[in-house]
Amino acid sequence: MLRPRIISYNEVLALLVAVMIFPLIACAGPASENGSVIPKQLVDQAVLLRERALLDNLSVDIVESLTTEVGARRVGTEGDKRAIAWAQAKFKELGFDRVWTEPVPVEYGWVRGDAKAEIVSPYPHDIVLTALGYSVGTAGDLQGEIVAFDDFEALEAVPEGNSLKGKIAFVAYSMADFVPKPGDSRMAGYGKGTRARTRGHVVAAKRGAEAIIIRSVGTDNNRYAHTGSGYGYEEGVRKIPAAAISPPDAILIENMLRRGGPVVFKMNMTSQITTSIMGANVIGEITGRSDPENYVVLGAHLDSWDEGTGAIDDGAGVGSMMAAAAMIGQMQQRPKRSIRVLLFAAEEIGLIGVREYYKANKINLDHHLLGAEVDGGGGRPHTLISGVGVNALPVVREMHKLIAPLGIAWSEANDAKGASDMSVLGRAGMPALNFMQNSNDYFDYHHTPNDTFDKIIPEDMRNLTAAYTTIFYLASEMEIDFRQ
């Protein structure tokens, strides 16, 4: 791929002058002489950074590098080890002056193995199936009659016992058909689907089932299956295999069931749980010039599922967060406060990396001044939600005015805790921002073999990076307590 040359700060400055942007800067955001708490020189610098980020392909190049040079990186695998080394080298290449790792022990490892399935009767068909993460295997062919449930709640409503003995539970819930309530996002439909993915194997086993299959949690109609975490079996409950099938195959099974006769399913999975493994959080920091012991924090997760190359989940987060901090660090003057980028391990199996980070750093949580994370692909942000103190709120509203030209609305909620991993720190007291993104086709591709670099939309990635660069530059320069 031809990589666009990274544009320097001075080149952007000259470009802006050439196209007469400076006359617009005075009205692009608040200025201190007009009653704003943000000094005019910071407004000017923030606008320059925003415009540079809109022109610079750095975030896209980082995703390309990660997906090409590393690829799939499920925690504890050889790909994960390559990713940890890659991240350290990339931080140094981008000018981060402090780079380190922190260990993340994981109780279990896992080997995916092979998976295949078929309908035996009444109408023989091959079925596209993938093991859900950390599922046990089938120990050879496993065959049983399918018992279907509309959603996880319907399965859960069955009394515990042996009513499903010898059967294969099938949760047919379709995220694509989910009708949100007013104010809900697509994430509401995703959350409903993940209940069966993460807990279905335990609930089905308590009712005697031999295995559980679910319709893939996604919005597509492609004939591939979405994996995802079913990490953790419950002590004292029989371990049964858990798998996802492609949406078209789920529809096929439903069509057969409507004909009234039994549908017999056969599956064979060689996946197996192994002994404990070790991952690592990778951390890069740009040291502040005058207040280095306090820092703003940008997050993403470095791990991915193992069937694609993890471009949108979460290469897009890695690329945008690394690039945003790097662009701020490459300015003629370093920011006052440090900027820390946290690339977390083991997000996909239960936010394990950030929980280890919190244990290691909770004594310094007060030094985490403001945090945010990208874990929703590379789509453009459309709404900023703050999660700061009442005194800081007017300042964040002023900051928002500088990203409003990117098409980002303001929410009055002020209840943000941070996305994904960062929510652990947010719930522990760290002020946070949530940038709600356009999901594009995120739920068509995530956790599938089709999560690959070609799904990245460069213009959207540049817009995403520009938003974070602008806001976190201001947060790193202003002497404000976002907790107050």
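Modeller: Let's start with a term: a salt bridge is a side-chain nitrogen of Lys or Arg within 4 Å of a carboxyl oxygen of Asp or Glu. Keep in mind that this is a predicted model.

Colleague: Okay, how many salt bridges does the count come to?
Modeller: We apply that rule, with its cut-off of 4 Å between nitrogen and oxygen. By this rule, the salt bridges come to 28.

Colleague: Which residue forms a salt bridge with aspartate 97?
Modeller: Look for a partner with a side-chain nitrogen, from Lys or Arg, within 4 Å. The closest N and O atoms of the pair are 3.1 Å apart, and the partner of aspartate 97 is arginine 334.

Colleague: How many residues apart in sequence are the parts that aspartate 97 and arginine 334 tie together?
Modeller: Aspartate 97 and arginine 334 form a salt bridge. Aspartate 97 sits in the loop between α5 (78–93) and β1 (98–106), while arginine 334 sits in the loop between α9 (311–329) and β14 (337–344), so the parts tied together are apart in sequence by 237 residues.

Colleague: Is aspartate 97 buried, exposed or partly exposed?
Modeller: Buried means under 20% and exposed means over 50%, with partly exposed in between. Aspartate 97 has a relative accessible area of 40%, so we call it partly exposed.

Colleague: Which helix holds both glutamate 356 and lysine 359?
Modeller: Their side chains meet in a salt bridge, 3.0 Å from N to O. The two residues are 3 residues apart, about one turn of the helix, and both lie in α10.

Colleague: What about arginine 397 and glutamate 412: how many residues apart in sequence are the parts they tie together?
Modeller: Arginine 397 and glutamate 412 form a salt bridge, with the closest N and O atoms 3.2 Å apart. Arginine 397 is in helix α11 and glutamate 412 is in the loop between β17 and α12 (422–427), so the separation in sequence is 15 residues.

Colleague: And is glutamate 412 buried or exposed?
Modeller: The cut-off for exposed is over 50%. Glutamate 412 has 57% relative accessibility, so the label is exposed.

Colleague: Now leucine 142, is that one buried or exposed?
Modeller: Leucine 142 is in strand β6 (residues 142–149). Leaving aside neighbours within four places in sequence, its contacts include Ile168, Pro241 and Phe265. The cut-off for buried is under 20%. With a relative accessible area of 12%, leucine 142 is therefore buried.

Key. Residues are numbered from 1 along each chain as its sequence is written. This is a predicted model: local features need pLDDT of at least 70, side-chain atom pairs count only at pLDDT 80 or more; totals for chains, interfaces and linings use all residues. Side-chain values use heavy atoms; hydrogens and water are left out. Helices (H or I, at least four residues) and strands (E, at least two) are DSSP runs, numbered from the N terminus. Buried means under 20% relative accessible area, exposed over 50%, partly exposed in between (1.4 Å probe, protein chains only). Contact means heavy atoms within 4.5 Å.
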